[in-house]
Structure formats: C-alpha cells, structure tokens
Amino acid sequence: MLYYIGSHLTKYLGPARLLQSYAVLIILALYTGFIVTKSFLPKFYNILPHDRGRDFTLSKEASKGKPTGAGIVFVSFFILFTFIFAPFNLYLTIFLALTWLMMITGYLDDRSEKGWGEYIKAFLDLLICVTAAFLLSKYLKETQSYFYTEKFGTVTEKEKLYFWFPFVRNPVAVPSWLYIIITTVMLWVSVNTTNCTDGVDGLSSSLVLIALFTMGTILYIFIGHVNFADYLNIPFFKDGACWAIATFCFAGVVMGYLWHNAFPSSVLMGDAGSRALGFYIGLCVMLSGNILLFLATSSIIFINGGMGLLKVALKRFLHISIFEKVRFPLHDHMRKNRGWSPTQVLIKFMMMQVLITIAMLAIFFKIR
C-alpha cells in the first residue's frame, strides 16, 4: 500500500520517493512489526486460551495455565503489515491467506479442550500444503528467470521449473508433478518439525528468527537482485524484494512475541504460531529454487523435531526402532539426560544453527 502511495505523492513531495525503496520498506516493516507486537500482545492475554500442558514435555507444569495461541495475534499483525508495506502481489496475497489458514488450524487446536487428533491435523496440513505446492509451481514458472544462459552455456526454457544446487553449474529441470510432490513434503516437514521444536521458552521462535533473517537476506540481496543473481550463477526471482519485505515483517512480529516469550515466558505461541512459522519458512525455501537451503535455515529444527517424527513413524508403521536411547524432541533429551538448563538449550542450539547457516550459505552460493 505505502509503495503505491509513495508513487503518487512523489510528484508533490520529493521525500515520498523513499516509500518506493525496498530497503526503507523492509526497515519500516521490521520495526513496526516489533514495536506493535511487543506493545499490544499483552492486551490479548485475557482472551487467549490457556495451555493445558502436554504430557510428553518436561516443562508441562511450568507452561500449564499460561496464555497460549499467541500466534493468532502476531501472525495477523504480520499479514496486516505486509499488506501495508509490501507492493501488492496476487500470489503473495494467496500465500499469506494460506499461512493465515495454517495458523487458524493451529489456533483451533490450541483452544480445543481435548486437542485435535494427529490424523485430523495431518490431513489439514496435507490439504494446505498440496494447494500451496500447486500454486508455487505456477508462480515460479512465471517469475523465475535465468540470466546466465549464454555465459554458462545453460539451456533453460520458459514455463518449466528448475532447482539449482551447489557443485552443479546448470539448473536442473523438474517436471511439475515431481515439483508438487517435493514441495508438499517440504512444507509438511517444515510445519511439523517447527511445531515439535516449540517446547522450551524462546527456542522455536529464536531458531525461526535466524531462518527469517537468513531467507529475507537471500530473497532481497541474492536471488532478488538481477546483478547478484547473475554473478552467483543462480536464478533471479523478480518478486524477491517484495517477499523480503514480508519476511522481515514476520521477523519483526516474532521478535515482538519473543520479548514476552523469553525465559521465563509469560505467553506461548501455541500451534497457531509454530505451524504458521514452519509453513512460511518452507514457502521461502521453495521460492529460492534450492530445497537444500532448508538445511541452512532450519537444520537444528529438523534434527530437534524431525528425527522424533521419523522415530515415531518407523516404530508405528514399520515396527522399526531407532534412537532408542535418545529422547525427542532433542531439547528434552539435553535437559533430562545432559542436565542442560532451558537457557543453555536455547543459547547452544542457536549457536549451532548460526554456525551451520554461515557454512551452508558459503557452500551453496560460492561453490557452483
């Protein structure tokens, strides 16, 4: 909205041209999201549901009774501010709606007295993820461009989907049906691993914050800038800067939530927050054109929560036991078996994620 207002005001007020600067809009979205969420989130405590406590978590007694489902507040702020600061984009609007829908499924579970069953949530996840995967396949066919065709001898065709990888010079063409399957799996994994990581005050939101800053930078500077994309031999995504505004806006509202969720927390995001955050991170990874960037953004989230999902799935459906001596989510294992405090879990997991992110980015963007 402000982008278009700036275009009309520029002829009357010169400084209004700053409202058409993506860098300025990113800063405004980030700070507005943080300040508004930090200031107004506590006003919703009385109307939010209260945590029932989860039997399989170590901190169930500490969390029980706290307001939860705060995701409905900060995710709604995120969508509102994205519309205000980011240029209008039909696909962005649709994906924001799907993110909000994913949040609502989590919120309804948060406020349910008994909680929804695993299979109901899995079905809803699948429905939203398949829809998003199909739309992403159409979106990227229209917006993903390769400007290094002649330079590197790469042959690409319009209306096709491509992945790019480290150690591989040329983009890899992917059929639409395979892309939809891969994207569906990626989104589902991102949603559920992020959800499983939400068990220590500030842990999930802090790790996601690293992912949001990472993907925001990639979308704005690397794949969203034609010269950088050409130099790095990666696809140029013409809507990258627009998505960067949305991503930094999400980072802002997450920081506002984290202000109140830092140990000891006064509010919990619940499934409403963790599911929406996981879904959005998955979207950003797929928009980048490199599915392996999930390792750079969310490797600790995947190890912490994903290995537990794998352990349960193998045991339940194939009767195969793995990691029998390891408790999942891994943060519970570290607290119970290694004696780590919640703060130690948070700081050490964050440090590991930052180190992994820096190493992965160096490999992905420089070794082509």
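Analyst: Happy to, and let's start with a pair of helices: α6 passes α12 in a right-handed crossing. Please keep in mind that this is a predicted model.

User: What makes α6 roughly parallel to α12?

Analyst: The axes of helix α6 (residues 118-143) and helix α12 (residues 270-288) cross at roughly 25° and come within 11 Å. Angles under 35 degrees count as roughly parallel, so α6 is roughly parallel to α12.

User: Which residues of α6 and α12 meet?

Analyst: From α6 there are Lys121, Asp125, Ile128, Ala132, Leu136, Tyr139 and Leu140, and they meet Asp271, Arg275, Phe279, Leu283, Met286 and Leu287 of α12. Sorted by class, this contact has nine nonpolar, no polar and four charged residues.

User: How do α4 and α11 cross?

Analyst: Helix α4 (residues 71-85) and helix α11 (residues 240-261) have axes that come within 9 Å and cross at roughly 145°. The crossing of these two helices is right-handed. On the α4 side the contact is made by Phe74, Val75, Phe77, Phe78, Phe81, Thr82 and Phe85, and on the α11 side by Ile245, Ala246, Cys249, Phe250, Val253 and Tyr257. By class, that gives twelve nonpolar, one polar and no charged residues.

User: Why is Thr37 called buried?

Analyst: Buried means under 20% relative accessible area. Thr37 has a value of 0%, so it is buried. This residue is found in helix α2 (residues 22-40). Leaving aside residues up to four places away in sequence, Thr37 touches Pro42, Phe74, Phe77, Val253, Gly256, Tyr257 and His260. Phe74 and Phe77 also belong to the α4 side of the contact with α11, while Val253 and Tyr257 belong to the α11 side.

User: Is Phe167 buried or exposed, and how do you know?

Analyst: The cut-off for exposed is over 50%. Phe167 has 62% relative accessibility, so it counts as exposed. Phe167 is found in the loop between β2 (161-163) and β3 (172-174). Its backbone also deserves a look: Phe167 has a positive phi of about 70° although it is not a glycine.

User: What about Asn233, buried or exposed?

Analyst: Here the relative accessible area is 4%, and buried means under 20%, so Asn233 is buried. Asn233 lies in the loop between α10 (226-232) and β4 (236-237). Phi of Asn233 is near 60°, a positive value in a residue other than glycine.

User: Which peptide bond is cis, and what is its omega?

Analyst: That is the bond from Phe263 to Pro264, with omega near -5°. Pro264 is in the loop between α11 and α12.

User: And for the whole protein, what share of the residues is buried?

Analyst: Of the 368 residues, 53% are buried. The secondary structure comes to 15 helices and four strands. Among contacts with a separation of 6 or more, residues 24 or more positions apart account for 74%.

Key:
Residues are numbered from 1 along each chain as its sequence is written. This is a predicted model: local features need pLDDT of at least 70, side-chain atom pairs count only at pLDDT 80 or more; totals for chains, interfaces and linings use all residues. Side-chain values use heavy atoms; hydrogens and water are left out. Buried means under 20% relative accessible area, exposed over 50%, partly exposed in between (1.4 Å probe, protein chains only). Contact means heavy atoms within 4.5 Å. Axes are lines fitted to C-alpha atoms, for helices over the stretch in contact, and angles run from 0 to 180 degrees between N-to-C directions. Angles under 35 degrees count as roughly parallel, over 145 as roughly antiparallel, 65 to 115 as roughly perpendicular and the rest as oblique. A crossing is left-handed if the near helix is turned anticlockwise from the far one by less than a right angle, and right-handed if clockwise. Ala, Val, Leu, Ile, Met, Phe, Trp, Tyr, Cys and Pro count as nonpolar, Asp, Glu, Lys and Arg as charged, and the others, Gly among them, as polar.
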